[in-house]
Each structure stands twice: as structure tokens, then as C-alpha cells.
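Thanks for coming. I have one structure to go through today, so please look at the screen.

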Amino acid sequence: MKRLATFLLIAWALALLTPPAFAAEGGASGATNWVLITPGFAMAIASGLCGYAQAKATASACESIARNPGATAAIRFALILALVLIESMALYTFALIYLRVK
Amino acid sequence: MEEQHLLLVTKLVNWLAGKPVLWLLTALRLKVKNPEYPIPNHMAMELLVFALAVVFFLWLKRRLSVDRPGATQLCAEMLLTNPMGVGAGDLLGDIVGHDGKRYLPMIGSIGLFVLLSNLISLIPGLESPTAQSSVPLGCALTVFLYYNWCGIRKHGPLRYSKHFLGPVLPLAPIMLPIEIVSNLARLLSLTVRLWVNMLVSELLYVLFLGLTLALFLSGREASPFWNILVVVPLFGPVVFIALHIFVGILQAFVFTLLPIIYVSGAVAEEH
């Protein structure tokens, strides 16, 4: 079982790491391709902050439902709306990246 | 992206209407990417969704009955009013008020169109038109024009444009640009939200199919025993189809909810 887990992890890492390795061999010379590097950081920042914001929203919604179960419908409505609006911030980032990096 | 795989539906629609469309596009001096098939996939899929919806709802309308509502009728009524209070009719009643039913035909149609467009890619051989940016943009433009038109019809052009000046007149020079930009941002946010959500849920599936396939292939090279790993690429990415269904329904709900909020903002009485 442990061997299988190790193998799976290694295979996963290989599958993740090989394409950049090949790419580095192909285009070794020349300047750093920032267009390929910055989207990773941009997306990481956007997803991280969105995750934090959504977690805060969800946490307080859960708390208020626990305190006042009668208002569940109204809270759920506000929560979905807020989550969607927060989520679109990360989606803007993704859309920019998608349009910029072909 | 440029070389798109043509669906069977696209070929059929192009066979039916390709020549006149090509002629029209050439007459308008627009660049045609693929002169052999001038109608792209998402356009053909839009037409298919439209045709399916019209046929289905005409068929449903003919057999509507108060005494013996069938299962289909009950399901369709759930879209309008349901116990959770998330149907289009419920939302209009809650947010706009008692005369909210006036806006139901337009908003319900857009919501249903988005719902069907999101879910139609579950059928193999078809794809979601909403995964192309121009289709959500069309829906968002319709919503944008519709709620502004509703406001103008309710309040008249002068009183409606006073809406944009804010509550206090001295602040108007600051409020006007903010209001205009925030209204235009609604257009952008509606478009990007729907488009990217559908795009991402398709990309996720492809991405994880690729990853699991790489896992399977590298395992098979190591020893024939790892052939059993074939179940991973076969069944693993199916999770993302379930996610796609969820996201599709949620985005259709959002695309019904936000227009309702915009309409209610446009027709609200000032106090």
C-alpha cells in the first residue's frame, strides 16, 4: 500500500514536472518569458484572496444560521449572491490570463 | 483554439443556411474565418438550443392542465415557483415586488436559455455555446438594454437619468461617472462570470483527463501490472462532469437573479 502511494506521488510529480523540463530544453536561450510566469502568481494571489473572502462569508453565514435558523432562506440568498460576486474577482483574473496567454 | 472541431450540428446548419450567411458577411465586409463553414459551432448550438426550447415549451403548453398536471408540467412549474423560493417567479415577487410578474417573460427566457445552453454539453457530440465569450456577451447585452428600457418606461427618460446623479445634487459630478462605470461593469461581470465558469469547467475535465492519462501511461511502462490503473482516467474525471452540472445550474440561477436585481434597481421608486 505504501509502495503504491509512493509510486502514485512520483508519477503525479513526473506528470506535472516533465512539460516545463522539455520546454526549458527547447527554448533555453533568450530572456525569461514573463508572460508564462506571472499568470501563475496572479492566479495564486487571486485564488488565495478569494478563498479567504469566501471562507469569511461562509463562516459568518453558518454562524448566523446557527443562531437564527428561521432566517435561513434570507441568509442563503445573501450568501449565494456574495459568493458569486467574490468569485467573479478570481474569474476576471483568469479571463485576463486566458486572453493574454495563448 | 483557431482550428475548431466542427460539430455535426454545425455542418447541418451550414448546409442549410451557410450560403446566405456567407453572402451577408461578405456584403458587410466582415472577415470570414472559414469560408466553407461560415457559421461557427457556438452559433449553431445557440440555434439548436433555441429550437429545442421552442419545441419543448410549445409541446408543454399544449398539454398544460390544472386538474391533471403531469410530471413534466410539475417540473417546469418548479422553475417558476418552488418551496425553496429560488424560482424565477419567487425571486421577482421577493425582490421587485407585487408587479414583478411583468418582467417574468424576458428574464425567465434569458434564464432558461442560459440553463439549457449550460447543460446541453452533457450530451456527447454537443458543446455549450456559453463557453464562447460572444454568447454570454449577447445575453448580458440583452439584460443591459432590458433593464435600462424598463427604467425608462417606468420613470420616463428624464426621471430615470436623474437616477444616475445620486441622491444629493452637489455630488452629481462625482456620482455620474461612478454610476455610468458601475452600470457598464455589470455588462462585463455578467459576461465574464458565465463565460469563464463554463470554460473552466470544461478545461478542468480536459486537464484532469490529461493528468490521469499521463499517470496511466507512465505506470504501464513500469510494469504490465499497472494496467489496472486504466480505471483512473476512465472514471476519475467524471467527477468534473458532476461539477459541470452543478456549476451550470448555479450560473443559470445567478444569470436569473442578477437581472432581477438590476431591474428592481431600475424601476425602484425613490424615497
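Predicted model: local features only at pLDDT ≥ 70, side-chain atom pairs only at ≥ 80, totals over all residues.

Start with chain B. Along the principal axes, its C-alpha atoms fill a box of roughly 75 × 55 × 40 Å. Chain B has 271 residues, and 28% of them count as buried. As for contacts in chain B with a separation of 6 or more, 66% are between residues 24 or more positions apart.

Now the helix pair. How do H5 and H10 of chain B cross? Helix H5(B) covers residues 104-119 and helix H10(B) covers residues 238-267; their axes come within 9 Å, and the crossing angle is roughly 165°. Angles over 145 degrees count as roughly antiparallel, and that is why H5(B) is described as roughly antiparallel to H10(B). The crossing of H5(B) past H10(B) is right-handed.

For anyone who wants to pick out the residues, H5(B) contributes Ile107(B), Ile110(B), Gly111(B), Val114(B), Leu115(B), Asn118(B) and Leu119(B). From H10(B), the contact includes Ile245(B), Gly248(B), Ile249(B), Ala252(B), Phe255(B) and Pro259(B). By class, the residues of this H5(B)–H10(B) contact are eleven nonpolar, five polar and no charged.

Next, the contact between the chains. On the chain B side there are 14 residues, and they touch twelve residues of chain A. Which elements of chain B give two or more residues to that side? They are helix H8, residues 172-222, and H10. H8(B) supplies the largest share, with eleven residues. The classes on the chain B side are eight nonpolar, five polar and one charged.

Last, one residue in chain A. Arg100(A) is found in helix H3 of that chain, residues 72-100. Is Arg100(A) buried or exposed? Arg100(A) is exposed, because 11 other C-beta atoms lie within 10 Å, and the cut-off for exposed is 12 or fewer. In sequence, Arg100(A) and Gly40(A) are 60 residues apart; in space, C-alpha to C-alpha, they are 13 Å apart.

That is the end of the tour.

Technical notes: Residues numbered from 1 in each chain as written. Chains lettered and ligands numbered in written order. Axes fitted to C-alpha atoms, helices over the stretch in contact; angles between N-to-C directions. Helix = DSSP H or I, 4+ residues; strand = E, 2+ residues; numbered from the N terminus. Parallel < 35°, antiparallel > 145°, perpendicular 65-115°, else oblique. Left-handed = near helix turned anticlockwise from the far one by under 90°. Contact = placed C-beta atoms within 7 Å. Nonpolar A, V, L, I, M, F, W, Y, C, P; charged D, E, K, R; others polar. Buried ≥ 20, exposed ≤ 12 C-beta atoms within 10 Å, placed from the backbone.
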